[in-house]
Amino acid sequence: MTFLAYGILFGLALAAIPVIIHLLNRRKARVIDWGAMRFLEFSLATRGRRILIEEILLLAVRTLLIVALVLAAARPLLVNRYFARGGQANQDVVILLDGSMSMGAAPVVGQDTYFEAGRSAARRAIERLRPGDAVAVVLAAAAPHPLTQQLTYDRKAANDALDRALLTDGTLDVPAALEQAAKILAQGRNPNKRIVLISDGRSHGWRVNSEEAWQSVAREFADAKSPPLLTVLRLAAHEGASESAAESRVANLAVEQVRLTRPVVGTHMPIKLEVVVRNTGDNECVPEVLLALRPALSRTPAVSEAGSPPPAPGKPGADIIATAALPVIQAHQQATVQIETQFSEPGPHLLRVELTNYSDRLDADNRLDFAVGVLDSLPVLLVDGDPGDKPENDELFNLKAAFQPQSEPGERQMEFLVRPTVIGPAILGNTTLGDYQAIVLANVDRLADGDVARLKEFVANGGGLLVAPGDKADLKFYNDVLYADGQGLLPSALAPAEAIRQPAPAAAGSPDPAAPKEAVTLMPPPTGHPALIECAAATWWQNVRENRHYPLTAPADKPADGRETSVVLQLSDGRPFALDRGFEQGRVVLMGGPLDTAWSPAPSRVVYVLLVNELMHYLSAARRAELNVQPGQTMAIPLPQRADSATAATIATPGGEHFDLTRVREGDRWVYRFDRTLDPGVYTVRYSGLTDVADPTEKLCEPAVVHYTVVRDAGESTMDLLDGTARDEIGKMLGGAQFPAETGEMLDTMSDYNPGRELWRWLVAAAMALLLLEILLSGHITRSRHGELTGGVSFGEGVKHTHVVR
Amino acid sequence: MDPRPAYLDLLDPMALAKLGRLELIARQVVEGFVSGRHKSPYKGFSVEFAEHREYSPGDDIRDIDWRVYGKSDRYYIKQYEEETNLRANILLDASGSMAYAGKTVSKFRYAQMLAASLAHLMLRQSDAVGLVTYDSTVRRYIPPRSRASHLRAMLEEMSDTQPGGETSLGGIFHDVAERIFRRGLVVVISDLFDDVDRLLGGLHHFRYKRHEVLLIHVMAPEELTFPFTSWTQFRNLERADHRLQLDPRSVRDQYLQAVASFVGQLRRETGRMEIDYIQVDTATPFDVALSGYLGRRMARKKK
């Protein structure tokens, strides 16, 4: 036997109340000095035993009365199917309606989707419930969304909740949904518990390989006072939806992933999008499918301020930015297609890649939304350690030229993204480092202690740092302070500068025997580096010699502190020339030489321009907001520059929920953090109270509405169904599960489950009987003790002494 | 300091004024030397006039002095000294149970005042009065005297006596009966909480010695009604280690039956022994109770 409300059993302590009252009465007895004791003793001798029996009987009846009431309130359940036979115990039911993206498919083209069929099945399940049964409806997706706040007896409320259910782009997480359902059932009062999962039967959401998740569910079920029974209706075998062999063998293309080939996107900067398309079906895809890039939402006007109507969804075929032809993809294969484009307007853009001229049973995965932040400029602080006496002798002469390329007369003025600001080391302390995305230390000899600390804080908060020591560099400072045995900013210590031997020219006489036979040049490492994607071609690096350098220490394979160091550039003899290492949230690149031509002719080459620009893009990437996050990853939404103390922000989820955002301090800046990101799709952040500015570019860069996306789980596009073995395993783990083939069978199983019989009615009846007995008994005792005396004591001159007790 | 002695508190002037007109007349022949109000076996003694007193209803009209009436047109009664030689002994119960008070004065206090008033009354009639205080034993015995100053000695003794100790009436009565040689009046003032048979045996001993016995049974109203309703611990006033804790309502019926049976048996047996048995409860003013008894007694004598 078990109890449905264990906590109430503490009320059994109340059974002590009659005994306590009895004892208190004895303790509170008034004391009387009495003379006529002989008569009292006589009375006790004749009535004492009867009094004792009456007292014990009354005490027992009162105690049992309380015990019976408390036990009835605790709702004991006799878990025995023999005793439960014929019982009418009510049940609590949680209906889990699969809201994953795959439910948007239709079993047969032209018929309802799985989601609509599931909604109908859930309605029929609600209709089948008996009076006294309670029901809750939960939309099961990447995160379970209770559509009713709790179990309800109101059928209309449950049906209204079903009407509100919206399909998501997320993945079904069955273990999470079952845990949520078990928690809801634990709040219910009925003895029988049931979970009904209505799904399309795709195996992906069941997470059959996640043993930990299922053990957690099994524990939740086992810990329940009345373990729930799981019933799973697989809609794939839905009645009326015949699945012919031909229909089941279809191609299903899914836009799985979109990657930008460069970390920073600027206006008018050509970029490539790598789009991964997978065929999850059993047939090859039909040819002549196009991949189109267009805005996910029409942006009219271009700047949408708070309070303006929400942008309408883009229409198919309209506003197409670029297209690419999709190759034929075999079943269960994927293809990566590149789309080239560029943006004319700065600011955040929400884009959609979709398959055109194509439709399959699951259209929801034929497109993918993603957000791109397009920069107007990239502010970089250049710290010049050797300005020189002439411009051409300036340490930054080549660097500044690389950031501001000169166009030939008659050509369109080229625009690079980087906006450099040059200062000397002495005024570094007076500069607000937070205004810049990256900082370059060019041949700086040393820095003040305070400047080092501020530099560390800047990098720790996501800033990028490029260090290029030259002949002015104080090695002791670099090694002791900036490297600090690996605990500082630099990824490597600097060895004393040494010359690089190059082969002597053929006309220069006898060759130096120690000199290498081939020129020692700079080159990317064989494994490549993310910062060199645009300039990795070998032809760029031909004959980029180095004559002198600070030898750097090659990175350890497995650093003890977990801060991995990677090689950005190396010499052709294998020695590292530029190293990259993360420092908290930021990154630091250390070069083995200066950025001017003093030690190498490289800064005068074309590849130098590409290199330094790409390095700036790479180093500044960590400081910018990530607009596309993984499910469950926390969004860190930076406050716009136009925000002030009155600015507020809200976020709307793909499911239509709205949340107010609270700003938190993160390093040297304020951000809004949002962590309810399990559901894939577009999240819309709306700012209110932004300060107005006249500059339209600034409005474009920081609009009042910004879109973020949570990327979709590619597995949701797979068509594999949960097999019988997995069903058996799950049933065994949960102590039994039913997999009815159709809705009618599911409804029948809902009626025949009755694991036990509730005893509270019997206990209430017993309590009533005890109450009646108590009334009769106490009445009898009262009458015998409190009644008016009819035969009082006659004493004195004819006086009859009586005393009436009322 | 109060100049009035404490023992005088036992004499209530108002009560005495009422009782003053009701003389205690021995109902039986008593052994004495003065003839008068009491029937004395010793005849021939002269009677000495003492004073006149205004007539009041109840006085014998034969005692009216008609000469005075002729002169003053008012009725006066002639009173005489040394009218009798009645010897009375007052047995005052000072056992612990007499200390019970309830909502009235304690039984002992009530008995003290009764005894004092009776003593005063009898001494004023020139009867000889003695006092015995006792509990389980005789505490003090003051032999009867008829001197007016004897009252003070008796009152002081009564005033100094505190109730305590157990009751053993039967033994005490036998003891006292053996001490009193001359026939006379024995006044017992007690709650009579003792074994009935032993009690009656002691009384019978007095009657055997031809004493007239006046048995004044004093009880408190609470002892006759047992009005307690909540859990109560009853501590025995006579035995310090004896106590009973109970719900009074559960035994009330039996208790009252026991008291009624006790009182009824006393009434029957004392009537059989021709003992004057007076029941008084402490809520009744003692002068009312006593004057009623004395009035009936005088009426019986005149018949």
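Predicted model: local features only at pLDDT ≥ 70, side-chain atom pairs only at ≥ 80, totals over all residues.
Residues are numbered from 1 along each chain as its sequence is written, with chains lettered from A and ligands numbered from 1 in the order in which they are written. Local features need pLDDT of at least 70 and side-chain atom pairs count only at pLDDT 80 or more, while totals for chains, interfaces and linings use all residues.

Reader: Why are H4(A) and H15(A) called roughly parallel to each other?

Author: The axes of helix H4 (residues 114-128) of chain A and helix H15 (residues 743-751) of chain A cross at roughly 30 degrees and come within 10 Å. Angles under 35 degrees count as roughly parallel, over 145 as roughly antiparallel, 65 to 115 as roughly perpendicular and the rest as oblique. H4(A) and H15(A) are therefore roughly parallel.

Reader: Which residues of H4(A) and H15(A) meet?

Author: Ala121(A), Arg124(A), Ala125(A) and Arg128(A) of H4(A) meet Thr743(A), Met746(A), Leu747(A) and Met750(A) of H15(A). Contact requires C-beta atoms, placed from the backbone, to lie within 7 Å. The contact residues divide into 5 nonpolar, 1 polar and 2 charged.

Reader: What makes strand E9 (253-260) and strand E14 (334-341) of chain A the edge strands?

Author: Each pairs on one side only, in an open sheet of 3 strands with the order E9-E11-E14 (chain A) and antiparallel pairing.

Reader: How do you know that strand E11 (residues 271-279) of chain A pairs with E14(A)?

Author: Two strands pair if DSSP finds at least two bridges between them. E11(A) and E14(A) are joined by 8 bridges and run antiparallel, so they meet the definition of a pair.

Methods
Axes fitted to C-alpha atoms, helices over the stretch in contact; angles between N-to-C directions. Helix = DSSP H or I, 4+ residues; strand = E, 2+ residues; numbered from the N terminus. Contact = placed C-beta atoms within 7 Å. Nonpolar A, V, L, I, M, F, W, Y, C, P; charged D, E, K, R; others polar.
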